[in-house]
Amino acid sequence: MPATPAWPPLSAPRLFVDSDLSATASLTIDGAQAHYLINVMRVKAGDAIKLFDDISGEYAARVVATGRRDLSLAIESKLRPREPVPDLWLCAAPIKRARYDSMAEKACELGVARFVPVATARAVVDKIKPERLRARMIEAAEQCERTALPALDDLTKLDALLTGWPAARILFFADERGGANFADALAAHSGPAAILIGPEGGFTDEENAAIRACSAAVPISLGPRILRAETAAIASIAVWMAHAGDW
Ligand code: SAM
């Protein structure tokens with residue numbers, strides 16, 4: 001007796017829907033998502049689509065009908081609730097756009113709960129495009145099977161970030177000038193955390209002193225080499241996830 005194939009199949013396309021799906025029986029997908037499903041994934045009536053809403057969880061839907069620019073879906077079952085997210089924030093100074101987008105993508109894939117763009121004196125970029133960063137994080141979540149999206153803050157000045165810093169959240173300050181061994185610091189400091197990464201030009205002396213004056217700040221070293229900002233972000237998140245996260 002041939003085994004009944006799993007439904008939805010693992011290969012089913014997976015999409016983020018920006019509305020609460022918990023009480024939704026059917027929906028219409030249009031725009032870029034419809035183009036992707038119809039013209040790239042070539043879905044047809046009866047095919048399965050996985051949907052998640054960053055609110056209630058992930059669902060299995062079936063394609064009811066496809067049009068030229070939209071398709072209608074019927075939600076058939078709930079696959080799983082919204083996952084608990086490791087309590088880690090990434091606070092990072094903007095760098096060149098493509099590399100910053102990539103940093104946001106990797107931070108989402110690695111499991112961070114919040115992405116905080118931080119305006120610093122030496123950052124070569126003083127504006128960010130939140131919609132681009134969010135789009136990159138949505139794509140990453142669709143691909144890595146997250147059901148929860150990282151929160152995305154507006155660009156925040158470093159001094160404002162430090163002034164309003166929640167005392168109960170450890171601020172691991174990645175300082176290329178020197179700091180504690182990260183693994184030792186993680187053994188000594190558990191609980192809600194954040195990692196602060198500077199711009200390509202690094203932090204100024206004044207900024208470095210202000211960060212170190214923050215009671216929650218723990219300066220850490222990421223080794224003897226000067227890492228690019230996005231490498232420092234990805235490496236430090238990975239260490240935290242392996243030590244204190246959900247790996
Ligand atoms: N301009 C700085 C310099 O030349 O010394 C380098 C800045 S580095 C490209 C960008 C950011 O990555 C730094 O501000 C820091 O947050 C982090 N970083 C890079 N290498 C690091 C290391 N070995 N230890 C700790 N943090 C590091």
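Among contacts (heavy atoms within 4.5 Å) in the chain between residues at least 6 apart in sequence, 74% join residues at least 24 apart. The model is predicted, with local features needing pLDDT of at least 70 and side-chain atom pairs counting only at pLDDT 80 or more, while totals for chains, interfaces and linings use all residues. Residues are numbered from 1 along each chain as its sequence is written, and side-chain values use heavy atoms, leaving out hydrogens and water.

Turning to the overall build, seven helices and 13 strands are found in the chain; these are DSSP runs, of H or I with at least four residues for helices and of E with at least two for strands, numbered from the N terminus. The C-alpha trace spans about 65 × 40 × 30 Å along its principal axes. Of the 247 residues, 45% are buried, that is, under 20% relative accessible area with a 1.4 Å probe and protein chains only. The accessible surface of the chain (Shrake-Rupley method, 1.4 Å probe; for residues, only the protein chains shown count as cover) is about 12200 Å², and carbon and sulfur atoms contribute 54% of this surface.

The ligand has 18 residues around it, of which Ala174, Glu200, Leu222, Gly223 and Arg225 come nearest; a residue counts here if one of its heavy atoms lies within 4 Å. A polar backbone atom of Arg225 lies 2.7 Å from a nitrogen atom of the ligand, and for Asp175 the corresponding distance is 3.5 Å. A backbone N or O atom of Gly202 is likewise 3.5 Å from a ligand nitrogen. The protein covers 86% of the 580 Å² of accessible area that the ligand has on its own.

Key: Buried means under 20% relative accessible area, exposed over 50%, partly exposed in between (1.4 Å probe, protein chains only). A polar contact is a pair of N or O atoms within 3.5 Å; within protein, one must be able to donate a hydrogen and the other to accept it, and residues adjacent in sequence count only if both atoms are side-chain atoms.
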